[in-house]
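The sequence and coordinates are shown first, and the description follows.

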Amino acid sequence: MLQKKLGFSLTWTRFISRIVRPSDKTTRSSLSELHRAMALVDMHLQTGKVEMAEDCLKHFLRSGVQLNNRIFNEVMLGWAEKGNQFKVQSIYRTMLRSLLEPDAQTYAALLIQHIRTKSVSYIPSLLENIKAEGIHLEHLPYEASLSTRQKLYLKEALHYGAPEFQAEVPIFDGKHYIADIVSDLYSENGQLITGDLQSKRSSFSLEGIVRSEDLKRKLKSQLTTEKRGSLIVKTVVPSDAFDTESAATLSSLRDQWQKVLTDAVFEQKPKQRDRRLKLVVSPEAASNATLLFKILNPSKMVDILLDKVFELLLQQSDGMAVRFLCFEVGHAIEQTYEIWKKSQNGEEEKILSMYIDYIDYYFGSNRCDSISQRAFWEELDCFRPWEASLSKRSTHWPFSIHIHLVGYLLNCLVENAEFTPTGEVSPVAAFTHEYQVIEERKVGHIKAHPDLLKLYKAQSGLKSEFPMRATVAPMLVPPRPWISIDDGGYLVTPIPIMRVTRHVDAFQHWKVLEENGDKLKPVLDALNYISSCPWKINKSMLKVVEEIFNKGGDDDLGIPSGDLPDLPELPADEEDVSKKREFFRLRRALRKERLEKNSLRMDMVYRLSLARHFENDIFWLPSNMDFRGRAYTVPPHLTHLGGDIARSLLLFGKGERLGEHGLAWLKIHLANLRGTMKKASLEARVKYAEDSTENILDSADNPLTGRGWWRSADEPLQCLACCFEITEAIRSGEPSSYVSHLPVHQDGSCNGLQHYAAMGRDVEGGYQVNLSASDVPQDVYSGVLRLVEAKRAIDAENGVEIAMLLDGKVNRKVIKQTVMTIVYGVTFVGGREQIKRQLKDQESVDTSYLFSASTYLVKLVFDCLGEIFENARLIQDWLTESAKKIAASGQPVQWTTPLGLPIIQPYHKPYRKEVKTGLQRIENVSKSDISLKPDRRKQRSAFPPNFVHSLDATHMMLTALHCQRNGVTFAAVHDSFWTHAATVDIMNEVCRKQFIDLHSAPILEQLAEQFNSTYGTDSNLSKIEQVSFDDLPRRGSLNLEDVKKSIFFFS
């Protein structure tokens, strides 16, 4: 029996492991080291060097890193496939001694070893032992994360030991894990019920938008783009705008550098290369391994490096920080590696096969009306038990690996890339490495030769076509639904479900998400729904914007020109020190302006070129979220999360007839975009648009040669897009039948304060932010201003000098930013600086009085807000004080949203470690590892705004899920909700009901309970570590049901 053969009792080991558990307080940067170990072991296994993977595992084990069972399982599987039974058993013993429990993948490795070693006689007894451990054999194919090849070995073993074996999908008691607030949307097995039997609407069906066969053709194109890593896009810049000779020279240089750098990598001796890479971590493993160079040939990595050089480095005259380049290039290489892995282990083939069936979801109305994208994809996966597992196979590289790898490649670039400047005979280094002093710290930079920069500038930084990374471009097919935290989005390109700051290892977020994976279904479903919205390009707007851009731009419209300020030269005979100092200050300011303008121009080139590339396509924007749950699109250029220009270029891919009220909503939308009717009723806004019909028609007919009425709008380009849409509807002859694609926005009224007022049940505060009904929209900024002015007038009457000085000089603009940011935790000093800037810009107060005036006003603003939002202010203080106590106890603030998303604040005292490369020492800064001490100040000040952001994210996701249930197209920019003109009324009803349901739940009581169970008297902490929290503040008498009657809650 296996137990005797290994010398262990599986049952006894499992019993001991439940009693003796490693402490959660692990070594410094332990999570980062764990992921480094997993990444390195994975690389060794992918090269077939199982013995080196084992040495790597043992090295980290000896170093005290707390490993998980996944890393042991991977090495066991590697030896099992090699047919080395002794090694499998040795790793298994080590795993048990580490007090880790075997799981489905462990038992799969033990079964595979018997098939590979032909010791099949042990299989029946092993199966009995596995069943005795409470493992369901029929679930093994689904619960073990294996490649296609490993699945087939497992199938052979299971059928040998149990000839009648049939795989069965594990039954998931999903209802138990679904948050109460959405329990009515989910069935007993935890699946989202999407169909609305009354309306019979379907927002998913792509019938009439794109043909099924066309989508399958585009599927292959999308896969090719992702495997190549980039999309070739033609520029919108006219050919006469840049020097074609310079472009040809740069192209030739790139080809030359490609060959030279590839040869340089190949010529390095393997041991020298491994030593410089610092990827082989122990003497035992220091053989001739080449890791990534055996997986991704040097030519591919050099190609990625040069893409970044041309995309980033040649645009910066002052060079670019090595640390930044390490992240950008390293991330691109990591993505390429993960894509390669998918092709090797069978995932790519399975995804392609599943997706062809998944397309039917969008063309089979019965299925898309009764089951969510996630559930349908999981169903397709269940039909393929003997193909590669799709989830939990990605490794996340810590930044240290990026540093080692890219530092080596950048060193090759500096040493080997050459070019011959004009007028010179001998070649010179194309790039140099130097240090620049930034904020009193020496920062390593890679800098291009000045003549090379001139060459790049001569061809405007562009060729007739250029590559763009696959992840900055929209998708030609609907995104893969998120089914877990690391499985979804693009077809094969890995993207994180949680966005993180550059250079930051966010492993604590992954750990928290993994531990709560079963509770995330509503969050995943909401992300899937907003990602499934099809889009298309507004061709009329693209033509207008492109014409303005190519004619020199227009700063008033935010369309940048190509004109850059010249940098002056210091006169050779200048000796005055003060004049020199002023000259260099001016030169720095001009250099900064040049960089900003060039960046804006290149961003516009990318956006317009992408729009031109996709102008005849329906496309999709995969989404992920930040740690608070706020959703973002992954593509950054062509997205509705952009500004006026980006939004004006986008239309919904699926249209809706305007119906009875649709045209009126288009007119209201136009008035909103104009910005002149913010305080008017909806009826007045409709009338305003109707009175402006002549201007609307002229704007649509003659956008660049007419009266230009649209130019004076707050959002001019979106206003013009709305003019086009209204004109088309009017001229259709029957507006109610006109199929509209223009998104209509409904924005929250100072949404952060809306959530605070609802939590505090503040009657007056709720009225000021439109939680209560009124004939015209209330303006909280004007409300605060009135109260401030009343107090200032009293002070002036009492002889307060500064109050008298400010008479007639305080307006809405002066206090608006401070009122707006109070919800985000703006401090007294921060508010004072905001008001000081506004007074200075308006030149209404003598500069000698600016400090005292701003100090006086900010105190008034804070006092007035405290009066209007009295209970909300008490809640903010309670949140701040609770976070202060938690951070003081040495722990980060952690909570779970009403929708079930676990959140942990990533603010810790930085742990700095220098990583040595052949180029320089690069500082690897860890700020988000849970084992580090929390940053008390940041934990305290950031918690109130983060908590409110988590609530507005929850409200958005709730609205998305219920819009899906009602068959309503939905997109969002945080607290701005978008839908068709015809469905605004439905979305508004859903939006209000979900806000009421959200705040009818005991949000603060649940938060207090979570805090007490995690940090307080109900926690497992010692009495010394336990935190005592204050009682919850009082609440007012605001009736939340009034929100249903408030027209301007979202408007």
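How many residues lie between β5 and β6 in the hairpin that they form?

## Basis of the model

The model is predicted: local features need pLDDT of at least 70, side-chain atom pairs count only at pLDDT 80 or more, and totals for chains, interfaces and linings use all residues. Residues are numbered from 1 along each chain as its sequence is written, and side-chain values use heavy atoms, with hydrogens and water left out.

## The β5–β6 hairpin

Two residues separate β5 from β6 in the hairpin, and Glu439 in the turn has a positive phi of about 50°. Strand β5 (residues 431-438) pairs with β6 in the antiparallel sense over eight bridges; strands count as paired if DSSP finds at least two bridges between them. Within this pairing, Phe431 stands opposite Ala448 of β6.

Strand β6 (residues 441-448) is also joined to strand β2 (residues 320-321) by two bridges, again running antiparallel. Here Met320 has Ile446 as its bridge partner in β6. Lys442 lies over the face of Tyr435, at 5.0 Å from the ring centre. The criterion for a charge over a ring is NZ of Lys or CZ of Arg within 6 Å of the ring centre and within 35 degrees of the ring normal. Lys816 and Tyr781 show such an arrangement, with Lys816 over the ring face at 5.5 Å from the centre.

## Overall composition

The protein chain has 41 helices and 22 strands, defined as DSSP runs numbered from the N terminus (helices H or I, at least four residues; strands E, at least two). Of its 1051 residues, 57% are buried; buried means under 20% relative accessible area, exposed over 50%, and partly exposed in between (1.4 Å probe, protein chains only). Among contacts with a separation of 6 or more, 76% are between residues 24 or more positions apart, where contact means heavy atoms within 4.5 Å.

## Aromatic pairs

The structure holds 29 aromatic pairs. Rings of Phe, Tyr and Trp (its six-membered ring) pair if their centres lie within 6.5 Å; planes under 30 degrees apart count as stacked, over 60 as edge-to-face and the rest as tilted. Phe828 and Phe862 form an edge-to-face pair, 6.2 Å centre to centre with 70° between the planes. This pair links distant parts of the chain, 34 residues apart: Phe828 belongs to helix α36 (residues 828-842) and Phe862 to helix α37 (residues 850-868). Phe828 is partly exposed, at a relative accessible area of 35%, whereas Phe862 is buried, at 14%.

Trp895 and Phe943 are also edge-to-face, with 5.0 Å between centres and 70° between planes. Trp895 lies in strand β17 (residues 894-896) and Phe943 in helix α39 (residues 936-965), so the pair ties together parts 48 residues apart in sequence. Both Trp895 and Phe943 are buried.

In helix α35 (residues 812-821), the buried residues are Val814, Ile815, Thr818, Val819 and Thr821. They pack against α31 (751-760), α33 (780-797), α36 and α37. Asn811 caps the N-terminal end of α35, with a side-chain oxygen 3.2 Å from the backbone nitrogen of Lys813.

Thr106, in helix α7 (residues 104-116), is buried with a relative accessible area of 0%. Leaving aside residues up to four places away in sequence, Thr106 touches Asn73, Met76, Tyr92 and Met95.

Notes
A polar contact is a pair of N or O atoms within 3.5 Å; within protein, one must be able to donate a hydrogen and the other to accept it, and residues adjacent in sequence count only if both atoms are side-chain atoms.
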